[in-house]
Amino acid sequence: MKDLEVILCDGENYKVEFKENADKSLASEVCAFANASGGRIFVGVNDKGEIIGTDISNVARSRIQDTINQIDPKLNVSLSIHKNIIIITVPDGNNKPYSCAKGFYLRSGPNSQKLERNSIIDFLQSEGKTHYDSVVNKKFLVKDNFNKTAFEIFLQKANISNILPFEATLINLGCAEYIGKKLFFTNAGALFFRDNSNDIFYEYANVTCALYKGINKVDIIDAKDLNDGIVENIDNAVAFLKRHLNVRYEIKTLQRKNILEIPETALREAVTNAVCHRDYFEIGARVMVEIFDDRVEISNPGGVPKGITKENFGSLSITRNSVIASLLHRIHYIEKMGTGIERIKKDMREVKQ
């Protein structure tokens, strides 16, 4: 009773909801808690935290359970009685996302909010339930869109023997899947091995390079949109940087050594990570490679993946696009050890010396 008094006094919050009765909104409230971190619903309590009581008969409890059973996938909740109120304890769901007849709901502060399309995508991504690169893209049949040259170059870089039919290799790499008897690219496969890449599919997967005069985005001296496959975009972005950055010459032997003001290894690492870990669900944005008089900025759409914090940034390896990361790892463009940031710092320290 003392615990209940404290809860009623504190009011509704992220883990607590008051309801006067088990109305039609109960399913969405349970769904919202399950998609968040769990919580408790107190039926028979008004918004002011006052106990007004509710029907606690077996029939009433059975109706509540029937309502909860509408949630998909099935969710085990517990019902308990305290005097004349019903307490519904909702666990932090292990099989997110959960939905009810009205849609998907998520707890946000003291409220339950319905998720719209983009919010559902963000939620699925944050929970690791869906990845852009592994989704089959039904727009692109492999037989009609296969870039044989890009595929063969990839096999050489990855040291993969070309003894299997290319269809089998694409499937093994996570780049294609059969739907019925038709073989379609996954989004990763299309980004690496699709022909005719200069079209709308790549419009939001491009890399934009720009050289500015001064330290602000005002006067553009040179700009280039890169709209080839992922590997070509990385290589061409690095080439753009090398073309416009300052070079100093060091002559200690018979051969002259050209030294970029920013090491090429650091630039390549940054560009590759930006392309690999961008949020490809963000259609209206792209990877940017920008050169100013006093700096280089390399940015991509999407925040850091779930699990990355300020403290472990640069030491923990969590990828947003696992298939893309695997393909780049095979051709030695990235490591899977979370060492990229430290390598950039190391290269920058060495060039300053």
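Q: What does buried mean, and what does exposed mean?
A: Buried means under 20% relative accessible area, exposed means over 50%, and partly exposed lies in between (1.4 Å probe, protein chains only). This is a predicted model, in which local features need pLDDT of at least 70 and side-chain atom pairs count only at pLDDT 80 or more, while totals for chains, interfaces and linings use all residues. Residues are numbered from 1 along each chain as its sequence is written, and side-chain values use heavy atoms, with hydrogens and water left out.

Q: What makes strand 11 mostly covered?
A: Strands (E, at least two residues) and helices (H or I, at least four) are DSSP runs, numbered from the N terminus. Strand 11 covers residues 207-213, and six of its seven residues are buried.

Q: How do you know that strand 11 and strand 12 pair?
A: Two strands pair if DSSP finds at least two bridges between them. Strand 11 and strand 12 (residues 219-226) have seven bridges in the antiparallel sense, so they pass the rule. One of the bridge partners is Leu226 in strand 12, which belongs to Val207.

Q: What joins strand 11 to strand 15, and in which sense do they run?
A: Five bridges join strand 11 to strand 15 (residues 287-291), and the two run parallel. Val207 stands opposite Val287 in strand 15.

Q: Why is the pair of Phe154 and Phe192 called edge-to-face?
A: Rings of Phe, Tyr and Trp (its six-membered ring) pair if their centres lie within 6.5 Å; planes under 30 degrees apart count as stacked, over 60 as edge-to-face and the rest as tilted. By this rule the count comes to nine aromatic pairs. Phe154 and Phe192 are 6.2 Å apart centre to centre, with 80° between the planes, so this pair is edge-to-face. The pair links distant parts of the chain, since Phe154 in helix 6 (residues 148-158) and Phe192 in helix 8 (residues 187-193) are 38 residues apart.

Q: Why is Phe154 called buried?
A: The relative accessible area of Phe154 is 4%, so Phe154 counts as buried. Phe192 also has 4% and is buried.

Q: Why is Lys19 called buried?
A: Lys19 has a relative accessible area of 7%, so Lys19 counts as buried. Its place is in strand 1 (residues 16-19).

Q: What makes a polar contact with the side chain of Lys19?
A: The side chain of Asp23 does, at 3.1 Å. A polar contact is a pair of N or O atoms within 3.5 Å; within protein, one must be able to donate a hydrogen and the other to accept it, and residues adjacent in sequence count only if both atoms are side-chain atoms.

Q: What makes helix 2 mostly covered?
A: In helix 2 (residues 26-35), 10 of its 10 residues are buried. Among them are Glu29, Cys31 and Phe33.

Q: Where is the cis peptide bond of Pro73?
A: A cis bond joins Asp72 and Pro73, with omega about -5°. Pro73 sits in the loop between helix 3 (58-68) and strand 3 (78-82). Another cis bond joins Lys96 and Pro97, with omega about 5°. Most residues other than glycine have a negative phi, and most peptide bonds are trans.

Q: What is phi of Lys83?
A: Phi of Lys83 is near 55°, a positive value in a residue other than glycine. Lys83 lies in the loop between strand 3 and strand 4. With 63% relative accessibility, Lys83 counts as exposed.
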